[in-house]
Protein chains: 2
Amino acid sequence: MLYAGFMSAPLPPFPSHEEPSADAPELLQLGSPDDEPCLRADAARNRARLLEAAGKLVAEHGASCVTMEAVAAEAKVGKGTVFRRFGDRTGLLAALLDHTEKKFQAAVITGPAPLGPGAPPQERLKAFGLALLRRSADELDLQLAAEPSAERRYSNAPRRFLRGHVLILLRQIVPDADCELLALTLMQYLDPSMIHYRTRICGMPADRVEAGWLDLVDRLTRTAPSA
Amino acid sequence: MLYAGFMSAPLPPFPSHEEPSADAPELLQLGSPDDEPCLRADAARNRARLLEAAGKLVAEHGASCVTMEAVAAEAKVGKGTVFRRFGDRTGLLAALLDHTEKKFQAAVITGPAPLGPGAPPQERLKAFGLALLRRSADELDLQLAAEPSAERRYSNAPRRFLRGHVLILLRQIVPDADCELLALTLMQYLDPSMIHYRTRICGMPADRVEAGWLDLVDRLTRTAPSA
DNA sequence: AAACTAAACGGACCACGGTCCGATTGGCCC
DNA sequence: GGGCCAATCGGACCGTGGTCCGTTTAGTTT
């Protein structure tokens, strides 16, 4: 887990799954080094079986057919266990995306330039968006299905991490701007539902969307001309 | 109805509520002059009662407590009738927002400058965003509750209308840019869930968000400096 | 005004997300 | 090994969104 606090606390009574609701977009805290912390043997086994079952169902019938009961049945486990482990449906789907998310985060933090460190910040930002657009091209159905409700959409850990990264880069490029707001705007361009709309509904080709990203970065990181 | 095709077709067998899924962001078609077209007397009466009932429930207990059954019961009408009339829950909530939406559209099309016609396009664009931000400050709960699923989020009629307006203005300001993409980006800044996050979760003050809009418009409508 | 028909009605019905709580069991201490 | 207890389990249960289809009724035709 490169991002903090995601599916790690022992889940007090039953449904807690607390995301640290205080939002501190400044720092991208890494915390929680090991995966599932001290899960009881049966719990860990069931978790694995559930993820496997869910993955199988997604592969076979698509993300929209993954009901909690079906996953429980496929994993030969009670329905309550699924909810206990993953909180809710979006939690389960998010856990399914966790692997590629971690890989992506690792590539951003320690991978080769220009996505990873080494390149100038604006280059990194451009590479970041392109990489995210491409990742979402696969996974899109799952990402859409895993989208949390409007109230929590921008608060969840993976998004906060990614936005935090964008924020850091922006601060280096345009330190005088309101970088929090700019980061939010940039990240929205990469939002799964937006990607879905542009490519699947409007039918925009991928290269146009990618060019749009590069252009957006240019426009947002330009400093005022005169005035 | 200033926007086209929204809750107007006679709803063939049962659940149709077809939005014209072809997306033509170029023109903002006004169509459908009169309100509910040729609705049978009982249907029209029930529709009004349902809207009244829903409005009352929202006012009393908040949008989240508005269940379809509760509305049906309050209006003394069968549950099936609610779905027949409004398609689904988001349709009902959207209908509740329809009045202010129409007013807003009217202000944009025929109202006084700078929101309405007369002012230079960039001024209009800035005024547009500020007005929308302020409108969403009220209504926010309802707008969040009325948000359609990720697949349809950007396809619904009111959003398409607003985006079409932004598009027209953008074309006048930066004709050489990819205005569809820029319009999408601008509209996302005004998205209810985004507003919710910035103001209610991050706690940003309204004037910061408004300044952010003005800045965003400036940055996006700047033409390339040199290169 | 009687007959006719398409539309609207309404509530039983279903599927799914989410919760509860009594039964079970893994891990630890003696 | 035996006993203890907290964590886990699992499936009955509930509320809500959404559907179906037999029944009723508004509007029209003759």
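Trainee: Which helices each supply at least two residues of the surface near DNA strand C?

Mentor: In this predicted model, they are helix H1 (41-61) and helix H3 (79-86) of chain A, together with helix H1 (41-61) and helix H3 (79-86) of chain B. The largest share, 5 residues, comes from H3(B).

Trainee: What makes a residue count as near the strand?

Mentor: One of its heavy atoms has to lie within 4 Å of the strand. In this model 23 residues surround DNA strand C, and Ala41(A), Met68(A), Lys79(A), Arg89(A) and Asn46(B) are the closest. The surface divides into 8 nonpolar, 5 polar and 10 charged residues.

Trainee: What makes the pair between Lys79(A) and DNA strand C a polar contact?

Mentor: The cut-off for a pair of N or O atoms is 3.5 Å. By the same test, Asn46(B) qualifies, because its polar side-chain atom is 2.4 Å from a phosphate oxygen. Gly78(B) has a polar backbone atom 3.0 Å from a phosphate oxygen, so that pair is a polar contact too.

Trainee: How far apart are Val71(B) and Ala54(B) in sequence and in space?

Mentor: They are 17 residues apart in sequence and 5.5 Å apart in space, C-alpha to C-alpha.

Notes. Residues are numbered from 1 along each chain as its sequence is written. Chains are lettered from A and ligands numbered from 1 in the order in which they are written. This is a predicted model: local features need pLDDT of at least 70, side-chain atom pairs count only at pLDDT 80 or more; totals for chains, interfaces and linings use all residues. Side-chain values use heavy atoms; hydrogens and water are left out. A polar contact is a pair of N or O atoms within 3.5 Å; within protein, one must be able to donate a hydrogen and the other to accept it, and residues adjacent in sequence count only if both atoms are side-chain atoms. Helices (H or I, at least four residues) and strands (E, at least two) are DSSP runs, numbered from the N terminus. Ala, Val, Leu, Ile, Met, Phe, Trp, Tyr, Cys and Pro count as nonpolar, Asp, Glu, Lys and Arg as charged, and the others, Gly among them, as polar.
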